[in-house]
Amino acid sequence: MQSWGFQVDALDVARWQFGVTTVYHFLFVPLTIGLSVLVAILQTLWHRTGNERYLKLTKFYGKLFLINFAMGVVTGIVQEFQFGMNWSDYSRFVGDIFGAPLAIEALVAFFLESTFIGLWIFGWDRLPRRLHLASIWAAAIGTNLSAYFILAANSFMQNPVGFRINPDSGRAELTDFVAVLTNKVALITFPHTLAGSFLVAGSLVLTVGLWHVMRNRDSADTGAYRFATKFGAWVVMVSTAAVLITGDIQGKIMTQVQPMKMAAAEGLYTTESPASFSVLTIGSLDGSRELFAIKIPHLLSYLGTGDPNGTVHGINDLQAQYASQYGPGSYTPIIPVTYWSFRMMIGFGLAAAAIALLVLWSQRKGRTPTSRWLLRAGLVLPVLPLLANSFGWIFTEMGRQPWIVFGEMLTRNGVSRSVSLAEVLTSFTAFTLIYATLAVIEFKLLVRYARAGVPELDPSPAHDDDTDDAERPLAFAY
Amino acid sequence: MDLTTIWFLLVAVLFTGYFILEGFDFGVGMLLPVLGRDDRQRRVLINTIGPVWDGNEVWLITAGGAMFAAFPEWYATLFSGFYLPLLLILLALIARGVAFEYRHKRPEASWKRRWDAAIFVGSLVPAILWGVAFANILRGVPLDADHEYVGGLLDLLHPYALLGGLTTTALFLTHGAVFLALKTTGDIRERAGALAVRLGAGTAVVAVAFLAWTLTIRASAAAVVLAAGAALALLAGLAAARVRREGWAFTGTAVAIALAVATLFAALFPTVLPSTLDPAGTLTATNAASTPYTLKIMTWVAVVFTPIVLAYQGWTYWVFRKRIGVANIPQH
């Protein structure tokens, strides 16, 4: 397709498809990870205290959780199939290593998650209370466990360990599975991702609670919403602390294993010791000229190495080093993408924490917040950590380029050779259209059910009445 | 038995489990416009599979993951080669899964009608295409010496593959009708039972024709025995359906699907994807497999976790064992 004045090939479209479908999938995953646990905590509170406020909140946030959960499930299948469909040479190259965590994820985590979520949704009147509570915990554990296996798989792409290259086949072969599962990148990415997910879930709980607190001040359920708002705000605060700590450690590990990614995050072209952190730099793309810059001296050295005077390698030196190591070619990611996505990740995350702090402050000593600006800020709150998560992934994946497996396989060598441009364009278009449609539907449903508020509880307890079982309505039905 | 054979069997078992379980889910979805005369009836149908459909679909994700881990070449060639059919299956599964969760989230009839259509199409398309895909796996596809698929979409749509698609669709329809007769009460139960008998006759003819054609393409002694067993199980299930022994009828169609899938895998072994062009392109359980080390680890994981999964998934079916009818559907 030369007609646009530039060439689009199947590789480009396959990369766009992976980017779009993965970022889209990860809009739902953080809420599923975080909200499953938060709903389980709410139900545990009800179980322990018998206070109906917590039961109402469990059912209310449970409904929002399920609207989101369905989207996470169906977009997840695409991810597993996509490796084989669009990236078959990648799949051949790493299948011996990469397939195992995916299969284990399905067997160990997805079965647990999806079976027990079914039991939880439909089991309100079918299971004893303790077992019903255990179901949501089992589903939450399954969800969080699945994150570990998929992040272990991704971490192999970031920092390949526990393998050798078979000289006959040219393929990567597993030599140490424990090394793959305990990859230092996986060990730090897991808590970082979880913390980021709880940041999203806490924000949603806060926002919905705050909206109801400010809209219906004298409703019988105001106490429940007040609790939800504070609960969400504390989850946001704790998650932010966890995101910052894990992010700091991750940055140091990434500086060791992929120094290019961290240099690209900073737009640091020349090696510096000590290196200053760029809050904002506007300059020419090749780094030859800086037009405008705000910098914090020594901070980058500290972030990257733990030593305020440590040496941080620059893009130009690393490029020269890789060219001599791997042969001629560019080993530099697209710097504006890495530079800005890194800043957006941090900026949106911190903005979310700031809003949560304001909300907590506004409710101090039982006060009811009244500021319209606070409400507006509260309403956009859940979008901020979602953006932070998305930009975090864009940074992680784009910063690894041109590699699909760092130092072992170039992205352009991983694409399916047998799939034509027309085929991958068809699939990219189809996914984009169906995903866009579903996004609108999902968002409207979330808003609708968030506004509807906590449910009225059914006055008749399900288990000890005389109604014939065959005639009794189900506690929940699709 | 060596590890590659064990994993060939495990992949076969996972797909068998998938087709038995999601087979009736697809059947229920396809029968939604036929057996569900009004909204409450349609809700009865959907709620028979409500608590379990998601867990059933994980069998597919696990089968795909097992294929990727144990036979990366098979996974890579198959998924890139069967590109457009798999794309359609994915789109169908997306629409269908969301539809179950969202159809009752708004009261408008037009909203529900759209999701009902998504459930129907989202069940019909995979029911057809899985048959087309497996018939092609058995018959072989054009692969070059590097195991790359070199055919087009039309190479996948020959008469044998289309008969395969018809067979899975018919089997899942009958299986779904039998399942509904087992899981519902009243009018729906009666009509589902009667429909199962009527569908069954046609299904038996199509399935026997497909299995016989399969055995002329490639056969082993085991495949012949399994195919005969599949036909017998189907006939026994239909006989039970006729006298409204619903539990036995469901057992019959479930065993028939299991043995039919087993027939395909038995006929295939030790090949996993034959090439119709260069014989060097043919993928086998040996040349497509991962290293023994990977297979050994995966075997341990499977040995430990498969019984646990089967236990709690089986328990779910026990928890939701009760039949449901229109009286059980809440007003809201």
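Colleague: Why is α4(A) called largely enclosed by the rest of the structure?

Modeller: Of the 30 residues of α4(A), 21 are buried, so the helix is largely enclosed by the rest of the structure. A residue is buried if 20 or more other C-beta atoms, placed from the backbone, lie within 10 Å of its own, exposed if 12 or fewer, and partly exposed in between. This is a predicted model: local features need pLDDT of at least 70 and side-chain atom pairs pLDDT 80 or more, while totals for chains, interfaces and linings use all residues. Residues are numbered from 1 along each chain as its sequence is written, and chains are lettered from A and ligands numbered from 1 in the order written.

Colleague: What makes V440(A) count as exposed?

Modeller: V440(A), in helix α14 (residues 421-452) of chain A, has 9 C-beta neighbours inside 10 Å and therefore counts as exposed.

Colleague: Why are α3(B) and α11(B) called roughly antiparallel?

Modeller: They pack at an angle of about 175 degrees, with their axes 13 Å apart. Angles under 35 degrees count as roughly parallel, over 145 as roughly antiparallel, 65 to 115 as roughly perpendicular and the rest as oblique, so α3(B) and α11(B) are roughly antiparallel to each other.

Methods
Helix = DSSP H or I, 4+ residues; strand = E, 2+ residues; numbered from the N terminus. Axes fitted to C-alpha atoms, helices over the stretch in contact; angles between N-to-C directions.
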